[in-house]
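Hello,

Here is the structure we talked about. Please look it over before reading my notes below.

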Amino acid sequence: MPTTDQLLRAPKVLLHDHLDGGLRPQTVIELASECGYAGLPTNEPEALARWFASDVPRRDLVRYLAGFTHTVAVMQTKDALERVAKECVEDLAADGVVYAEVRFAPELHTDGGLELESVVTSVLSGFEAGMAAAAANRSPIVVRALLTAMRTAARSLEIAELAVAFRDSGVCGFDVAGAEAGYPPTRHLDAFQLIQRENFHATLHAGEAFGLPSIWEALQWCNAERLGHGVRIVDDITVAASGEVTLGRLASYVRDRRVPLEMCPTSNVHTGAVKSLAEHPIELLRRLRFRVTLNTDNRLMSDVTMSSEMGSLCEVFGWGFTDLEWLTLNAMKSAFCPFDRRLALIDTVIKPRYAQLTAESLRTH
Ligand SMILES: [Zn+2]
């Protein structure tokens with residue numbers, strides 16, 4: 001079992017992390033006081049952290065989402081967005097993340113009068129500042145943005161256009177998120193077709209709480225390159241009492257085409273999509289060699305980091321560095337940054353550092 005220190009030092013790649021789900025509690029409090037937001041349940045950082053995370057009655061999506069009311073409320077000015085984005089990068093770098101794609105929905109940050117473009121430029125300049133700070137601190141990290149459209153709203157085409165407009169300034173793709181049931185991905189077909197025509201990238205929250213039709217539409221109608229969560233793909237997999245596994249047509253397609261699954265195990269337990277970590281399909285999907293990646297989703301609401309998430313899964317499933325390296329390589333291969341950049345990170349950072357950690361753990365055993 002890797003030690004906490006080794007987990008921290010292991011290079012990580014994060015593809016699914018929400019900007020409004022990862023604020024520092026202290027920052028939420030300070031920003032609330034700056035903008036005059038009086039809705040926080042407490043002004044004490046530790047109590048607030050507990051409120052967001054461990055006090056949350058588990059397996060309750062509505063209560064889980066209530067936390068975002070507060071974080072989004074304090075992210076309505078250029079300065080606030082820039083600060084949150086910078087701190088996000090610094091926190092990820094301190095956790096050993098070497099490449100991350102962090103997503104946010106520009107349309108949620110216009111209540112204070114900001115234009116969609118200003119929301120994006122503020123976040124991107126925060127990312128730049130964070131990357132500069134991390135590099136100066138000798139923990140270099142590359143962070144790119146994914147622009148999310150809310151599936152319950154009707155602005156997805158506009159958000160897709162915005163993502164394309166900022167593709168050379170730090171935005172690497174497009175995403176759709178929000179309540180799945182009743183809001184099929186095909187509602188946003190024009191946005192996904194635009195992304196496709198522009199030779200750009202799209203991922204899509206699909207198959208988190210809702211079933212196979214959502215995954216099927218995401219892949220076969222919207223041409224999503226990755227699946228946000230995608231955990232319900234297990235509904236198309238049968239495991240017989242003998243242990244024999246049969247994949248349905250859709251599950252076969254997902255595995256054969258190497259469709260990356262952006263899995264977020266702890267978040268799935270908290271929202272009630274999965275009962276417990278031990279019962280999470282990530283282990284079955286790993287064994288069947290789907291292209292599984294490991295992610296945080298919402299670091300504040302789920303009280304997780306990449307290191308803690310890796311540690312929990314090593315504990316529950318007996319994983320070691322070989323598994324962690326495999327997940328990390330899967331994620332790097334599935335990133336929306338250019339191929340040569342992915343290859344460089346794999347060859348010069350990920351593989352050498354895992355080789356070092358593996359050698360180190362062999363020496364101590
Ligand atoms: Zn998500």
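**The four-stranded sheet**

Four strands form an open sheet in the order E1-E2-E3-E4, with parallel pairing. Strands (E, at least two residues) and helices (H or I, at least four) are DSSP runs, numbered from the N terminus. Two strands pair if DSSP finds at least two bridges between them. Strand E1 (12-18) and strand E4 (171-177) stand at the edges; each has a single partner strand, so one side of each lacks a neighbour in the sheet. On average, neighbouring strands of this sheet are turned by 25 degrees against each other, direction ignored.

This is a predicted model: local features need pLDDT of at least 70, side-chain atom pairs count only at pLDDT 80 or more, and totals for chains, interfaces and linings use all residues. Residues are numbered from 1 along each chain as its sequence is written.

Strand E3 (residues 142-150) and E4 run parallel, joined by six bridges. Leu146 has Gly173 in E4 as its bridge partner.

Helix H5 (residues 78-94) lies across E1, strand E2 (97-104) and E3, at about 145 degrees to E2. Helix H14 (residues 321-333) lies across E1 and E2, at about 65 degrees to E1. Axes are lines fitted to C-alpha atoms, for helices over the stretch in contact, and angles run from 0 to 180 degrees between N-to-C directions. Contact means C-beta atoms, placed from the backbone, within 7 Å.

Strand E5 (residues 203-206) and strand E6 (residues 226-229) run parallel, with four bridges between them. Leu204 stands opposite Leu227 in E6. From E5 the chain crosses through helix H9 (residues 212-220) to E6, and this β-α-β crossover is right-handed. Right-handed means that, with the strands pointing away from the viewer, the path from the first strand over the helix to the second runs clockwise.

E6 also runs parallel to strand E9 (residues 261-263), through two bridges. Leu227 has Leu261 as its bridge partner in E9.

**The whole chain**

The chain has 15 helices and ten strands. Its C-alpha atoms fill a box of roughly 60 × 50 × 45 Å along the principal axes. Of its 365 residues, 48% count as buried, meaning 20 or more other C-beta atoms, placed from the backbone, within 10 Å of the residue's own. Among contacts with a separation of 6 or more, 74% come from residues 24 or more positions apart.

Best wishes

Notes: Buried ≥ 20, exposed ≤ 12 C-beta atoms within 10 Å, placed from the backbone. Contact = placed C-beta atoms within 7 Å.
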